[in-house]
Amino acid sequence: MAEDAANTILNWPRNQTHCAELDIQKIYIKAACIYFIRDHWFQEAWMKIGIIGDGAIGRYVRRQLDERGITTSVLMVRPARLDEATDDGILRVASVETLPADVDLMVDCAGHAALSEHGPAILRSGRDLVTVSLGALADTALLRALETAGAQGSARLHLASGAIGALDCLQAASVGGLDAVTYVGRKPPLGWKGSPAENVLDLDALQSAGIHFEGTAGEAATRYPKNANVAAAVAIAGLGFDATKVRLIADPAVSANIHEVHAEGGFGQFSFRIEGRALPDNPRSSALAAMSVVAAIMRQRQTVTL
C-alpha cells in the first residue's frame, strides 16, 4: 500500500529531461515517501490503544509501542491520580465510560484488581482486552463475568503469556491428552517477602532451599495472588486449575526467578525452565511478562500469527 502511494506521488507529468542525477533523487524520495506513508497509515488506520495502569509494566509497554510508531491514546488510572502533573500529553481517565469512542483495544497492566474492576465493562463496550493478570482467572465468578461480557460486546480477552514459555507446546499437548502437569516456582527468599511463605519459612535466616507450598494451581492462585500469574498460565494452557500441581520454593542459592514446567501425556514428555530477569525500574516485575504484553498487542495486527 505504501509503495503504491509513493509511486502515485512521484509519477506526476514532468517536462524535465531524464538524467542519472534525477533518477537517483527519485529513488531517495520514493524511499522516504514509503517510510512516511507506511508509518502514518499504520498509526492512523490501525487500532487505537489504551493502557490500564502506569506502573513498571505499563511504562515499558508504552515505550516499546512508541518505538514501533504506535502512540498510546489513553491511560486508565485510579481516580486519585487523574490530577497528577504529567508532560507526556496522554489523556487520563478513571472509568470505561470516559474512554474516547475510537479506542478499540485496552491493555491491562495493573493487576488482578484492575481486571476485576474494569475487564467486564471493557468487553461489554465492544473493545478487545489484553491482560497479563492470568491469576485472577482462578476466580470462576470473574471468569464467567468476563466470558458473558465478551459475548455481549462481541469482544475478546487476549491472554499474554507472562513470565513463562512453552505454553504453545502445553496447549498443543492437551489435544492428545495430558496425564500430569507440574509447575515449580523458585525465587530467592526476598522474592517471597509479603507472601504466605513468611508463615512457613524464616526467609531472613534460610540457609538452604525450602518448599513453602505444594498444592493445585487454584490453591496457589488463592493463597499467593501476587505470585499466581505463571501458575495460572500453565493451568489455563494445560490441565486446568484443579489438576495442575504447583510447588513453590524459596532458595537462597539463586538470584533470579526460576520457572519450570514438567508435563507428561500422549505426546510424550517435556520439561521447560527459564531464569527470568526483572524490569530495571521494579525488581518485582518480570521483564518477560512485560515483553509478552507487547507481543500480544502486535499479534493483533499480524496477518500470519504464531
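The protein has nine helices and 13 strands, in a model that is predicted. Of its 306 residues, 46% count as buried. Among contacts with a separation of 6 or more, 69% are made by residues 24 or more positions apart.

**Helix H8**

- Seven of the nine residues of H8 are buried, so this helix is largely enclosed by the rest of the structure.
- The buried residues of H8 are Val230, Ala231, Ala232, Ala233, Val234, Ala235 and Ala237.
- Two helices, H6 and H7, are included in what covers these buried residues.
- Strands are included in the cover too: E7 (residues 178-187), E9 (245-250) and E10 (257-265).

**The second largest pocket**

- This pocket has a volume of about 780 Å³.
- It is lined by 26 residues, and the closest to its centre are Leu159, Ser161, Leu167, Gln171 and Arg299.
- Five elements are named as giving two or more residues to the lining: helix H5 (140-153), strand E6 (157-159), helix H6 (167-176), H8 and helix H9 (287-299).
- H9 gives the most, with four residues.
- By class, the lining has 16 nonpolar, seven polar and three charged residues.

**Aromatic rings**

- A pair of aromatic rings is described by the distance of the centres and the angle of the planes.
- The structure holds three aromatic pairs.
- One of them joins Phe213 and Tyr224, with 5.6 Å from centre to centre and 65 degrees between the planes. This pair is edge-to-face because its angle is over 60 degrees.
- Phe213 and Tyr224 are both buried.
- Another pair is formed by Phe267 and Phe270, which are 6.0 Å apart centre to centre with 55 degrees between the planes, a tilted arrangement.
- The cut-off for buried is under 20%.
- Ring pairs also link Trp192, Phe213 and Tyr224 into a cluster.

**Residues with a positive phi**

- Most residues other than glycine have a negative phi.
- Ser154 is not a glycine, yet its phi is positive, about 50 degrees.
- Ser154 is found in the loop between H5 and E6, and it is exposed because its relative accessible area is 68%.
- Ala166, also not a glycine, has a positive phi of about 70 degrees.
- The loop between E6 and H6 is where Ala166 is found.

**Gly135**

- Gly135 is in the loop between strand E5 (128-131) and H5.
- Its relative accessibility is 5%, so Gly135 counts as buried.
- Which residues does Gly135 contact, leaving aside its neighbours within four places in sequence? They are His112, Ala221, Ala228, Asn229 and Ala232. Ala232 is also one of the buried residues of H8.
- Gly135 and Lys226 are 91 residues apart in sequence, and their C-alpha atoms are 8.3 Å apart in space.

**Arg127**

- Arg127 is in the loop between helix H4 (112-124) and E5.
- With a relative accessible area of 9%, Arg127 is buried.
- From C-alpha to C-alpha, Arg127 and Leu105 are 5.5 Å apart in space, and they are 22 residues apart in sequence.
- Leaving aside neighbours within four places in sequence, Arg127 is in contact with Val96, Leu99, Pro100, Ala101, Val103, Asp104, Met106, Ile122 and Ala155.

Conventions
Residues are numbered from 1 along each chain as its sequence is written. This is a predicted model: local features need pLDDT of at least 70, side-chain atom pairs count only at pLDDT 80 or more; totals for chains, interfaces and linings use all residues. Side-chain values use heavy atoms; hydrogens and water are left out. Rings of Phe, Tyr and Trp (its six-membered ring) pair if their centres lie within 6.5 Å; planes under 30 degrees apart count as stacked, over 60 as edge-to-face and the rest as tilted. Buried means under 20% relative accessible area, exposed over 50%, partly exposed in between (1.4 Å probe, protein chains only). On a 1 Å grid over the protein atoms alone, a cavity is a set of points where a 1.4 Å probe fits but cannot get out, and a pocket is an open set with protein on both sides within 12 Å along at least five of seven lines; lining residues have an atom within 4 Å of a point. Grid points are joined across faces, edges and corners, and a volume is the space filled by probe spheres set on the points. Ala, Val, Leu, Ile, Met, Phe, Trp, Tyr, Cys and Pro count as nonpolar, Asp, Glu, Lys and Arg as charged, and the others, Gly among them, as polar. Contact means heavy atoms within 4.5 Å.
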